[in-house]
Amino acid sequence: QVQLVESGGGSVQAGGSLRLSCTVSTFIYNQYSPNCLGWFRQAPGKEREGVAGIGQYRRVTYAESVKGRFTISQDNAKDTLYLQMDNVNPEDTATYYCAAGRNCGGAELLQSRPYLYWGQGTQVTVST
């Protein structure tokens, strides 16, 4: 069964904003007990790239390419992860995935290796 589900993707003009959401199942929290949640993206022909992550001790890490433009957050119930995307550009076009993992360090928050559970992805297309 799907444990994480992304939503909120779509088409947006360059300079605009978009907010992605990821619902996290109770299985993740009750059985897996993750200490890191993150957003990744992948464009056709390119490697998967870490975008933003929340790790142990509530540590937040962003890729240099999105600093100052994207914001990762989690609701009070901890069942939804968000990615607020502001001032988007065509280079942000990709399929975005949310993921849950364990044993995530600082830089590791933006690496795929610690993440075990992944969503199906939501497409974001930025036009000029």
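Start by selecting cysteine 36 and glycine 101, which are bridge partners, glycine 101 being in β9. The model is predicted: local features need pLDDT of at least 70, side-chain atom pairs count only at pLDDT 80 or more, and totals for chains, interfaces and linings use all residues. Residues are numbered from 1 along each chain as its sequence is written, and side-chain values use heavy atoms, with hydrogens and water left out.

**Stop 1: strand β9 and its neighbours**

Strands here are DSSP runs of E with at least two residues, and helices are runs of H or I with at least four residues, numbered from the N terminus. Select β9 (94-101) and strand β4 (residues 36-42). The two pair in the antiparallel sense over seven bridges; two strands pair if DSSP finds at least two bridges between them.

Tyrosine 96 has threonine 122, in β11, as its bridge partner.

Is β9 buried or exposed? Eight of the eight residues of β9 are buried, so the strand is largely enclosed by the rest of the structure. Buried means under 20% relative accessible area, exposed means over 50%, and partly exposed lies in between (1.4 Å probe, protein chains only).

**Stop 2: arginine 41**

Select arginine 41 and aspartate 92. They form a salt bridge, with the closest N and O atoms 2.9 Å apart. A salt bridge is a side-chain nitrogen of Lys or Arg within 4 Å of a carboxyl oxygen of Asp or Glu. Arginine 41 lies in β4 and aspartate 92 in the loop between β8 (80-85) and β9, so the pair ties together parts that are 51 residues apart in sequence. Aspartate 92 is buried, at 0% relative accessible area, and arginine 41 is buried too, at 6%.

Glutamate 49 is partly exposed, with a relative accessible area of 31%. Which residues make up the network of salt bridges? Select Arg41, Glu49, Arg69 and Asp92 to show it.

**Stop 3: lysine 67**

Finish with lysine 67 and glutamate 64, a salt bridge whose closest N and O atoms are 2.6 Å apart. Lysine 67 is partly exposed at 44% relative accessibility, while glutamate 64 is exposed at 62%. The count of salt bridges comes to four.
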